[in-house]
Amino acid sequence: MEVSIRKKILFSAIVLLASGTPLLADVYTDYVEQYSVMAVEQQEKHGIPASITLAQGLLESAAGRSTLATRGNNHFGIKCHNTWRGDTMIRSDDRPDDCFRVYSNARESYEDHSKFLLKPRYSVLFQLDPADYSGWATGLRKCGYATDPNYASRLVSIIERYALYLYDTPGGRDTEENSAYIQSMLASSHPVRRSRGLHYVIAAPGDTYAKLAREFKIDKKKLLEYNDMKRDTHIKDWEEVYLEPKLSEAPAGLTTAVIGEGESMHSLSQRYGMRLDVIRRLNPDVRDRAGAKIRLR
């Protein structure tokens, strides 16, 4: 089974137009090229949209660069739970000593991801149209796949940024409709989203605060201030960038969090839309490193 050449060419053209950067320089497009066939295979076998599988793989594995992916072939951040009998790896996530599954190769990871979503817990997702990637992304969050409150927004942003929806239908979209999609993407490369009353966008690879300030006609100093930054820099891939001041309290029901691999207090403050100075004030003696448990109230 092969993904159509036309679909690959169109995907490449959209990414080049949207990013303005060479395709070969983007590890995310490289990942899609490498694993799109596996994602389409899983959709044909199990009914999980290929766009969702690819977006989760890109996000959870940092486009195949995470320790879980490079050392454990785990592309989806699937934890051991009480049914796993294979090899394991301990990393910091929701807890400092979370147990994750280890696979022999990436294909095993993709197959196990599908089996994981075939559990009764996610059965409601299979009532959705496979082309409804937004519904699937929202459903994954509601079913508890991830604790990140903005998990669905991140997935949708990745799918739309890289036109992954093209992989959800056998023939893709016709040329005229594809053109409309491309123009729509270029006109609004950072859709504004809303959570807990806060307006934000999801940063794509290579974004800077200066770039986003220009796009949204916001003073750069103000944008940096809203996001607890003192100077402009490249923003962490798929991180929230708030277009207004963050809140001084954590989301309802959330009292603590653990700094995961590759995260920081700042990462958590962005995830929860909570001011960094408040988090630091609540945790004066906590070192800002992976595995540290922090108070949010």
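# Close-up views of a predicted model

Cys-80 is buried, with a relative accessible area of 6%. Here buried means under 20% relative accessible area, exposed means over 50%, and partly exposed lies in between (1.4 Å probe, protein chains only). The model is predicted: local features need pLDDT of at least 70 and side-chain atom pairs count only at pLDDT 80 or more, while totals for chains, interfaces and linings use all residues. Residues are numbered from 1 along each chain as its sequence is written, and side-chain values use heavy atoms, leaving out hydrogens and water.

**View 1. Cys-80 and Cys-99 form a disulfide.** What is the torsion about the S-S bond of Cys-80 and Cys-99? The torsion is about -70°, so this disulfide is left-handed. The pair ties together parts that are 19 residues apart in sequence, because Cys-80 lies in the loop between α4 (67-72) and β1 (88-91) and Cys-99 in strand β2 (residues 98-101). Helices (H or I, at least four residues) and strands (E, at least two) are DSSP runs, numbered from the N terminus. The two sulfur atoms are 2.0 Å apart; a disulfide is a pair of cysteine sulfur atoms within 2.5 Å. A search of the whole structure finds one disulfide. Cys-99 is partly exposed, at 23% relative accessible area. Another cysteine, Cys-143, is buried at 14%.

View 2. The chain has twelve helices and seven strands. Of its 297 residues, 48% count as buried. Among contacts in the chain with a separation of 6 or more, 62% come from residues 24 or more positions apart. Contact means heavy atoms within 4.5 Å.

**View 3. Helix α2 (residues 27-46) crosses helix α5 (residues 106-117).** Their axes come within 10 Å and cross at roughly 40°. That makes α2 oblique to α5. The axes are lines fitted to C-alpha atoms, for helices over the stretch in contact, and angles run from 0 to 180 degrees between N-to-C directions. Angles under 35 degrees count as roughly parallel, over 145 as roughly antiparallel, 65 to 115 as roughly perpendicular, and the rest as oblique. The crossing of α2 and α5 is right-handed. A crossing is right-handed if the near helix is turned clockwise from the far one by less than a right angle, and left-handed if anticlockwise. On the α2 side, the residues that meet α5 include Tyr-31, Tyr-35, Met-38 and Gln-42. On the α5 side, Ala-106, Arg-107 and Tyr-110 are among those met.

**View 4. Helix α3 (residues 50-61) also packs with α5.** The angle is about 115°, and the axes are 12 Å apart. That makes α3 roughly perpendicular to α5. This crossing is right-handed. Thr-53, Leu-54 and Gln-56 in α3 meet Tyr-110, His-113 and Leu-117 in α5.

**View 5. Trp-136 lies in helix α6 (residues 133-142).** Is Trp-136 buried or exposed? At 0% relative accessibility, Trp-136 counts as buried. Its contacts, not counting residues up to four places away in sequence, include Gly-47, Ile-48, Pro-49, Leu-125 and Phe-126. The C-alpha atoms of Trp-136 and Val-156 are separated by 9.5 Å, and the two residues are 20 apart along the chain.

**View 6. Helix α7 (residues 151-161) is largely enclosed by the rest of the structure.** Ten of its eleven residues are buried. They include Tyr-151, Arg-154, Val-156 and Arg-161. Ala-163 follows α7 and has a positive phi, near 50°.

**View 7. Helix α9 (residues 209-216) has buried residues.** These are Tyr-209, Ala-210, Leu-212 and Ala-213. They cover an arc of only 165° around the axis, which puts them on the same side of α9. The arc is that of the directions from the helix axis to the C-beta atoms. The buried residues pack against β4 (198-202), α10 (220-226), β5 (240-242) and α11 (265-271). Lys-217 follows α9, with a positive phi near 55°.

**View 8. Met-274 is found in the loop between α11 and α12 (276-282).** Met-274 is buried, at 0% relative accessible area. Asp-228, Lys-246, Leu-247, Ile-279 and Leu-296 are among the residues that Met-274 touches, not counting those up to four places away in sequence.
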